[in-house]
Amino acid sequence: MKEFQRVQAQDLSLDSFDSISEFPECGGIGIFQGTVRNHHEGRAVKALKYTSYTPVAEKMIRQIEQDITQKYGVSYVRVIHRIGFLDIGGMAIIAVAYAAHRREAFQACEEAVERVKHEVPIWKEEFYMDGTSQFVEGCCIRKDHDSSEHHHDQHSEHHSHSHHHHSH
């Protein structure tokens with residue numbers, strides 16, 4: 001099995017990953033490649049910079065890979081994330097899953113991407129066409145926008161009054 005850094009400062013490549021031929025029991029490859037897009041919430045994006053707390057990010061990505069391999073019973077899950085500056089169209093993340101069937105390949109790949117994006121200490125800073133920049137939501141400042149789940153953490157329970165509509 002190839003040994004490679006999960007957090008990389010050079011351009012990402014599918015060559016990092018082991019070949020499907022090493023996994024004859026697998027019938028499908030799920031791949032997600034995340035690239036830098038030219039807009040965010042209506043603003044024109046010029047470039048991005050990712051920074052990471054690399055030692056922890058490395059460990060966490062490997063742990064997530066193991067968790068998902070076990071959860072879906074798949075043979076192989078690997079994720080690599082780019083750090084540093086990226087232009088529009090640049091490759092920010094690649095997740096690969098090899099599985100016996102397509103369903104687990106898709107599921108494992110998607111969950112790997114979601115967990116890495118939400119849990120691992122990698123931060124995204126966006127640079128806009130108007131010359132401004134800001135860190136944007138992604139890692140470690142997770143907010144769940146799914147209103148169908150009515151579980152709030154302590155903070156939102158006690159401090160936010162927007163959920164309490166008092167009709168008089």
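This is a predicted model: local features need pLDDT of at least 70, side-chain atom pairs count only at pLDDT 80 or more; totals for chains, interfaces and linings use all residues.
Strand β7 spans residues 91-99. It is mostly covered, with 8 of its 9 residues buried.

β7 pairs with two strands named here. Strand β2, residues 28-35, runs antiparallel to β7 over 8 bridges. In that pairing, Gly28 has Ala99 of β7 as its bridge partner. Strand β5, residues 76-82, also pairs with β7 in the antiparallel sense, over 6 bridges. There, Val79 stands opposite Ala95 of β7.

## Salt bridges: the count and a network

The model holds 10 salt bridges. Some of them join into a network that links Glu3, Arg6, Glu58, Arg62 and Glu65.

One contact involving two of these residues is the salt bridge between Arg62 and Glu3, at 3.1 Å from N to O. This pair links distant parts of the chain. Arg62 sits in helix α1 (residues 54-72), while Glu3 lies in the segment before β1 (7-8). The two residues are 59 apart in the chain. Arg62 has 26%, so it counts as partly exposed. Glu3 has 60%, so it counts as exposed. The cut-off for exposed is over 50%.

Arg115 and Asp67 meet through their side chains in a salt bridge of 3.2 Å, N to O. Arg115 belongs to helix α2 (residues 102-119) and Asp67 to helix α1, so the contact ties together parts that are 48 residues apart in sequence. Arg115 has a relative accessible area of 22% and is therefore partly exposed. Asp67 is partly exposed too, because its relative accessibility is 26%. Buried would require a value under 20%.

A further salt bridge joins the side chains of Glu111 and Lys71, at 3.0 Å from N to O. Glu111 is in helix α2 and Lys71 is in helix α1. They are 40 residues apart, and the pair links distant parts of the chain. Lys71 has a relative accessible area of 53%, so it is classed as exposed.

## Summary by region

On the strand side, β7 has antiparallel pairings with β2 and with β5. On the helix side, Arg115 with Asp67 and Glu111 with Lys71 each connect α2 to α1. Helix α1 also contributes Arg62, whose partner Glu3 comes from the segment before β1.

Terms used:
Residues are numbered from 1 along each chain as its sequence is written. Side-chain values use heavy atoms; hydrogens and water are left out. Buried means under 20% relative accessible area, exposed over 50%, partly exposed in between (1.4 Å probe, protein chains only). Helices (H or I, at least four residues) and strands (E, at least two) are DSSP runs, numbered from the N terminus. Two strands pair if DSSP finds at least two bridges between them. A salt bridge is a side-chain nitrogen of Lys or Arg within 4 Å of a carboxyl oxygen of Asp or Glu.
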